[in-house]
Amino acid sequence: MPLDYRRATPDDSPLLAGWNQQLIRDERHRNTMSLPELETRLRGWLAGEYHAVIFTHLSEPVAYALYREEPALVYLRQFFVQPDHRRSGVGRDAIRILQDLVWPRDKRRTVEVLTGNEAGIAFWRANGYQDYALTMEVMPPVEKVKMKVKGV
Ligand SMILES: CC(C)(COP(=O)(O)OP(=O)(O)OC[C@H]1O[C@@H](n2cnc3c(N)ncnc32)[C@H](O)[C@@H]1OP(=O)(O)O)[C@@H](O)C(=O)NCCC(=O)NCCS
């Protein structure tokens, strides 16, 4: 599927915030921010150290990437493909565009994936990313109690 791309501007924040909310649901992240809060956070990020790229197919926005450049690496913070365009190579083509045309070629590229996000892990491995770090945790007792009550 041929993709075009453009750099996002602050005016894209409502679109990106909606996608961010869907991304949080899809990867079953614990983030509980509301849509307005996500939009405010995105505007701040785009005005600061983050950049975003929006990928389009026949002028329709189908995916986005939000990333930050550091001296030695590019940290990809968010990456999302619209559900109705998944498994047709959009994600793979978007990553290729980032690597070939957007990101500096001489920097390490990193992404963090929740261990429960099996599709995400399979996707990154299929695109050449290798396992590097694993975050481990113990929840505080108060959270354990809350989780038990909610049956989560
Ligand atoms: C993960 C995600 C970006 C993949 O995008 P996509 O456009 O569907 O991926 P592609 O079609 O380019 O897939 C490329 C390869 O990745 C792997 N892959 C992608 N989705 C997969 C899935 N659900 N299960 C297993 N492997 C998968 C396959 O090897 C696939 O190649 P194939 O289709 O020839 O088998 C998309 O599912 C998504 O946006 N998910 C929700 C957000 C998310 O989890 N983002 C990553 C956060 S770290």
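The legends below describe several close-up views of one predicted model.

Residues are numbered from 1 along each chain as its sequence is written, and side-chain values use heavy atoms, with hydrogens and water left out. Because the model is predicted, local features are described only where pLDDT is at least 70 and side-chain atom pairs only at pLDDT 80 or more, whereas totals for chains, interfaces and linings use all residues.

**View 1. The shell of residues around the ligand.**
The ligand is surrounded by 20 residues, and the closest of them are F79, R87, G91, R92 and N117; a residue belongs to this shell if one of its heavy atoms lies within 4 Å of the ligand. Sorted by class, the shell holds ten nonpolar, four polar and six charged residues. In this sorting, Ala, Val, Leu, Ile, Met, Phe, Trp, Tyr, Cys and Pro count as nonpolar, Asp, Glu, Lys and Arg as charged, and the others, Gly among them, as polar. At least two residues of the shell come from each of α1 (13–26), β4 (73–81), α3 (90–102) and α4 (118–126), and the largest share, five residues, is supplied by α4. The helices (H or I, at least four residues) and strands (E, at least two) named here are DSSP runs, numbered from the N terminus.

N117 takes part through its side chain, where a polar atom lies 2.8 Å from an oxygen atom of the ligand. Taken alone the ligand exposes 910 Å², of which the protein buries 79%; such areas come from the Shrake-Rupley method with a 1.4 Å probe, and for residues only the protein chains shown count as cover.

**View 2. Strand β4 and its two neighbours.**
Strand β4 is mostly covered, since eight of its nine residues are buried, where buried means under 20% relative accessible area, exposed means over 50%, and partly exposed lies in between (1.4 Å probe, protein chains only). Strand β3 (residues 60–69) runs antiparallel to β4 and is joined to it by seven bridges; two strands are said to pair if DSSP finds at least two bridges between them. In this pairing A65 has F79 as its bridge partner in β4, and Y64 stands opposite F80. Strand β5 (residues 108–111) runs parallel to β4 and is joined to it by four bridges, with V74 standing opposite R109 in β5. The chain crosses from β4 through α3 to β5, and this β-α-β crossover is right-handed, a term used when, with the strands pointing away from the viewer, the path from the first strand over the helix to the second runs clockwise.

Strand β3 is mostly covered, with seven of its ten residues buried. Two residues lie between the strands of this hairpin. L58 is found in the loop between β2 (50–57) and β3, where this residue has a positive phi of about 50° although it is not a glycine. L58 counts as exposed, at 72% relative accessibility.

**View 3. R87 in the loop between β4 and α3.**
R87 lies in the loop between β4 and α3 and has a positive phi of about 60°, although this residue is not a glycine.

S13 has its place in helix α1 and counts as buried, at 0% relative accessibility. The side chain of S13 reaches the backbone oxygen of P10 at 2.7 Å. P10 also lies 8.2 Å from L42, C-alpha to C-alpha, although the two are 32 residues apart in sequence. L42 lies in helix α2 (residues 35–47) and is buried, with a relative accessible area of 0%.

Notes:
A polar contact is a pair of N or O atoms within 3.5 Å; within protein, one must be able to donate a hydrogen and the other to accept it, and residues adjacent in sequence count only if both atoms are side-chain atoms.
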